[in-house]
Amino acid sequence: MMDQLEQKIKTEVEGCECDAVLAFGVDNFNYVTRTVLPFAEHYPTRRAVAVLPKEAASVVICPYDWSQAIKDQGWKGEIVAYDENEAVGIEAMVKSLEELLVSLGLDEKRLGLDGSRIMKALMDQLNIRFPRAEWQPVDPLLRDMRITKTPGEIGFIERACKQADRGIVYALMHLEGAAESPGYTIAEFTERIRVHVNENGASGVGLLNTAFGTDGQMYYTPQRGWVKSGELFRMDVSAHYMGYWANLGRMGVTGKPTAEQEKAYRENLRLKAAAHEMLKPGVAANEVYAHVARAAEKQAIGFWKEASIGHGVGASHYEPPYLNLSSSTELKPGMVIALDIYTYGPRQELIHKKDVYEITEEGNRKLSWYRSWDELYAVTGFRATH
Amino acid sequence: MRDELKTKIAESIKESQYDAVVVFGADNVQYVSGAYLHFPPTFPDRYMAVFWAKGEEPVCIVPPEWESSFLHMAWVSKTRTYTEKPGSPTGVAEAVANLARNTVRKTGKIGVDAERTPLNLYRRLEAALEDFTLVPCDGWLRELRVKKTPKELRLLETVASMTDHAIAGQAHHVLVKQAATEMSNTENVRIHAIERGLDEVGHHAVAQVTTGPNTGKFWPGAPMYGIGFDRVPQHREFMRLELTATLDGYWSSGARMLTMGEPTEEQKAAYQGLVALREVALQQMKPGARCRDIYTAVKQAADEKGIQLVSNLVIGAGVGVTNYEPPYISGADETELQPGMVVTLNPVVESPDGELLMGKDTVFITENGANVVGWFKDWREPFICNYTY
């Protein structure tokens, strides 16, 4: 299923002006190797790099304890595990990279890298170690490669969406009947989402946030306190299946929703419908945004203008194209968008219904189709043994 | 902790060579602001920074979407938002430049965490700050962070205790005859972490329970990290229980071994190898000791005793606002230990049967030497689970 992606990456690398492409960013590494590193973003002093030469087999360089994981995910190329007792931090990686590039005869060649991901200090080290190499940023190449997905990639994202949605629903099932008595902590509810996303087959969870009541006025708050009745709440989760991400947001209310809460939610759906009709090939990202802004003005619906109204998902949970006023990227078939419009609840809670869509030749196709979420999820019920 | 750290950082800037510092790394932003947002590292196209000029109040530059969350948790009360064009660092660089022009003399020296700043952002900063001198300040930050304040130490001890308690809490539920799957055990470690009061966050705040042959890998079943599988542990097998957890943005990494029933002689011997290396390390870990020498002593002890220490990895790393930071107990780290440093000690030993045995301990360096904190029980023997109820 992912052979098409492997071939696509190979073709793009062969067609570029560099003798090799090096991917340092965790998201780029994952994309070009089709593997997932264990929480690498959170280990800034440990680095992996994928080296994709034009005329030789690809190699990854990584810490020793990540090497088996890469191999187990089907990486067919060489793996160089560096020794963190020979050099500290990124120097250990650079040392192995030097040996590799020299052995491949690439140390004086033109080498592409992701300039938006490699850190300045690491770049300085590379310039010292490879004084004759010509380093060239290839971020546009990587961006263009990643922004349009293969059918295999879209299939994985669709699975991740279903897993994430089911995880949320399963967690809600635990909350129902237990919110009042014996009571439920917000942390436990959030954890229930994580575990049920995992149980439904996801291979990892990233962002995890539930926000009840006035905490919902913010993008994120620590997961503390108790679930209370009558509160609007938001459930945000990003999760991946084999490295391909869903990024969803769902809304609920503890108890029977009030008329005001229902009205607020419907307003959000109306703006989302306005955006939805613009999700089609040939429309620029900022046109989608402008269309939503006009619809909001016409219908007198307040929305969070400063935030974007969506973004891509793929080998990361937040990537191009970005649906904001400054992005002129034209939507094309194969792009995958997480549509994410924030409006306001009766207590200024942030309301959204974040869904994921594939741009198709005809328009778009919803990938997060498992449940419609066209109404606020009402958490009701009484304590019963079941 | 707010006043203690804020004063420490402000004083340090005052005494430093910098007229201002600007940090972009998520860990550095948290350290200098107190805002423990866990998600920025996974948004590489979005930028956050704290700009702190000498004698001035720090200012956080943040995407509008994150501003209120930041203010909710930070001790930095001033923010600037910028018009975001994700992937383009222009907006954040301009915001830094505006602050610099208002607070720093022309040609003034501005420190940047170059080990955390992407190349394209750094280049944009150089252009926006052409009237100033940009210099890396990673060494300064390292020195600042590597020695913890008394309140940081108290929090780290609390996190370590809760983490060990969470692991031990689940270990007490394990029975040979009624053993549950790895997945169930993994989740129950997380549940015990929440019960103990550790924060519920996503990303790398995970547990992992591996059993039998799966303990032979660091990450069995990749890419399903921290999930566990349907494998049920068998009598006489090892179980490894791991938990990476946080409270108020300070971290602990814990790992403990459990035997499914009374340990065999082979298991006892293998585990004692781990205990012996911990003892060697603790004897060496005192003020003035070089990390490199500690590693060498442990490696030498392993070689002499025939213990299979897993090579290529450090046997310990600092812990604070991240769970892996300087100093490193590595054969290559020249750092001299000092009181106030905190290290997660983690020599990994391979048993004759190929299991990777771990016992992660949080170690404070004090004037008197090493002080292991947070042990729920005496880990000179593994947790031995009961046969049945």
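A cavity is a set of points, on a 1 Å grid over the protein atoms alone, where a 1.4 Å probe fits but cannot get out, and its lining residues have an atom within 4 Å of a point. The model is predicted, so local features need pLDDT of at least 70 and side-chain atom pairs pLDDT 80 or more, while totals for chains, interfaces and linings use all residues. Residues are numbered from 1 along each chain as written, chains are lettered from A and ligands numbered from 1 in written order, and side-chain values use heavy atoms, without hydrogens or water.

Counting cavities of 30 Å³ or more gives ten. Helices (H or I, at least four residues) and strands (E, at least two) are DSSP runs numbered from the N terminus. The largest share, three residues, comes from β8(B).

Over in chain B, strand β2 (residues 49-53) is well tucked away: five of its five residues are buried. Buried means under 20% relative accessible area, exposed over 50%, and partly exposed in between, with a 1.4 Å probe and protein chains only. B:A49, B:F51 and B:A53 cover one side of β2(B), with B:V50 and B:W52 on the other. In a regular strand, side chains alternate between the two faces of the sheet. β2(B) pairs antiparallel with β1 (residues 20-23) of chain B over four bridges, pairing being called when DSSP finds at least two bridges between strands. Here B:V50 is the bridge partner of B:V23. β2(B) also pairs antiparallel with β3 (residues 59-62) of chain B, over three bridges, and B:F51 has B:V59 as its partner there. The hairpin of β2(B) and β3(B) has five residues between the strands, and in it B:G55 takes a positive phi near 75 degrees.

Another sheet in chain B is open, with three antiparallel strands in the order β10-β14-β15. Its edges are β10 (308-309) and β15 (356-357); each has a single partner strand, so one side of each lacks a neighbour in the sheet. β10(B) and β14(B) (residues 349-350) pair over two bridges, with B:Q308 opposite B:E350.

Now for the rings. There are 24 aromatic pairs over all chains, a pair being Phe, Tyr or Trp (six-membered) rings with centres within 6.5 Å, stacked under 30 degrees between planes, edge-to-face over 60 and tilted otherwise. A:Y318 and A:Y322 are tilted, because their centres are 5.1 Å apart and their planes at 40 degrees. A:Y318 is buried at 5% relative accessible area, and A:Y322 is also buried at 5%. B:Y324 and B:Y328 make a tilted pair too, 5.4 Å centre to centre with 40 degrees between planes, and both are buried.

Notes: 1 Å grid on protein atoms, 1.4 Å probe; cavity = no way out; pocket = protein on both sides within 12 Å on 5 of 7 lines; lining within 4 Å. Points joined across faces, edges and corners; volume = space filled by probe spheres on them.
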